Amino acid sequence: MKVIIVSDKNHMGQVAADLIETDMKNKTPYVLGLATGSTPIPLYQELIRRNQETGPDFSTTVTFNLDEYVGLEATHDQSYRYFMNQEFFDHININKDSTFVPNGLSENIEEVGKDYEKAICGIGGIDYQVLGIGTNGHIGFNEPGSSLASRTRKVRLTENTISDNSRFFERKEDVPTEAITMGIGTILDARKIMLLASGSNKAETIAKSIEGPITATIPASSLQMHPDATWVITEDAAVNLQLEWD
Ligand code: F6R
């Protein structure tokens with residue numbers, strides 16, 4: 001694993017954009033796995049800026065988002081489809097028909113999960129998967145205890161995640177209690193993975209994920225098994241690391 005420690009969120013966005021831009025060169029179609037939440041926003045802003053100036057070109061890029069709440073319409077301002085359009089897709093030259101977010105409104109989420117896996121496989125897999133991390137170590141919505149081999153499926157959100165995400169909703173009771181998420185197995189199939197994290201509230205779980213044992217109780221620790229995983233984290237999120245990383 002590679003760990004890159006950066007000064008602040010803007011720097012994190014630039015480093016992450018460099019990694020993606022370099023990897024995108026000469027690959028068509030390029031397949032990106034994307035995350036929502038507050039952490040990747042500096043990355044999206046940097047990619048938007050570059051796209052509007054000299055590149056990269058997203059006209060043939062295909063994207064798969066990690067997750068979506070169950071029960072929120074795409075037009076709901078807290079749905080992940082809405083977030084992605086607002087924060088990224090509406091500002092770049094991507095074909096929206098090539099942007100996929102799991103359908104959390106379906107009557108048959110199990111089928112949605114299977115189809116999502118087939119679609120990712122059908123296009124040849126994900127080239128670069130972007131991740132954030134929950135304060136409990138979740139990746140996507142794979143909460144502690146998720147199988148390290150799990151695939152896209154419906155999950156119940158933990159009290160910790162509902163409470164963390166309530167900052168985006170008017171009332172805590174409005175936060176959906178279920179979601180559909182790529183599994184840890186799905187995520188680990190990506191050719192490359194980058195996990196972005198900022199803020200001192202992530203420091204403890206980051207140290208456990210990077211330097212602790214691989215365990216389903218800290219889903220992000222599974223990245224230790226991946227041959228090409230990079231952590232891009234701000235100094236305040238890196239304070240609990242004990243080993244030397246460069
Ligand atoms: C979102 C996702 C989650 C978030 C995590 C961190 O698509 O998969 O795992 O990355 O909850 O959220 P923020 O960035 O808001 O701290």
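1. Basis of the note. This is a predicted model, in which local features need pLDDT of at least 70 and side-chain atom pairs count only at pLDDT 80 or more, while totals for chains, interfaces and linings use all residues. Residues are numbered from 1 along each chain as its sequence is written, and side-chain values use heavy atoms, with hydrogens and water left out.

2. For R167, a polar side-chain atom is placed 2.9 Å from an oxygen atom of the ligand. Taken alone, the ligand exposes 410 Å², of which the protein buries 94%; such areas come from the Shrake-Rupley method with a 1.4 Å probe.

3. Helix α3. Helices are DSSP runs of H or I with at least four residues, and strands are runs of E with at least two, numbered from the N terminus. In α3, the residues Y80, R81, F83, M84 and N85 are buried, where buried means under 20% relative accessible area, exposed over 50% and partly exposed in between, with a 1.4 Å probe and protein chains only. The buried residues of α3 pack against several elements, among them β2 (31–34), α2 (41–52) and α5 (159–165).

4. An arginine to look at. What is the nearest side chain of opposite charge to R81? That side chain is E68, 6.5 Å away, and R81, although buried, has no salt bridge, a term that requires a side-chain nitrogen of Lys or Arg within 4 Å of a carboxyl oxygen of Asp or Glu. R81 belongs to α3, which covers residues 80–87. Leaving aside neighbours within four places in sequence, the contacts of R81 (heavy atoms within 4.5 Å) include E68, A74, K96 and F100.

5. Two cis peptide bonds. One joins T28 and P29, with omega about -10 degrees, and P29 is found in the loop between α1 (9–24) and β2. The peptide bond from G55 to P56 is also cis, with omega near 0 degrees, and P56 is found in the loop between α2 and β3.

6. A loop residue. N108 is placed in the loop between β5 and α4 (109–122). N108 is partly exposed, because its relative accessible area is 39%. The C-alpha atoms of N108 and K154 are separated by 9.9 Å, although these residues are 46 residues apart along the chain.

How values were computed: Lys, Arg positive; Asp, Glu negative; His and termini not counted. Polar contact = N/O pair within 3.5 Å; in protein donor to acceptor, adjacent residues only side chain to side chain.
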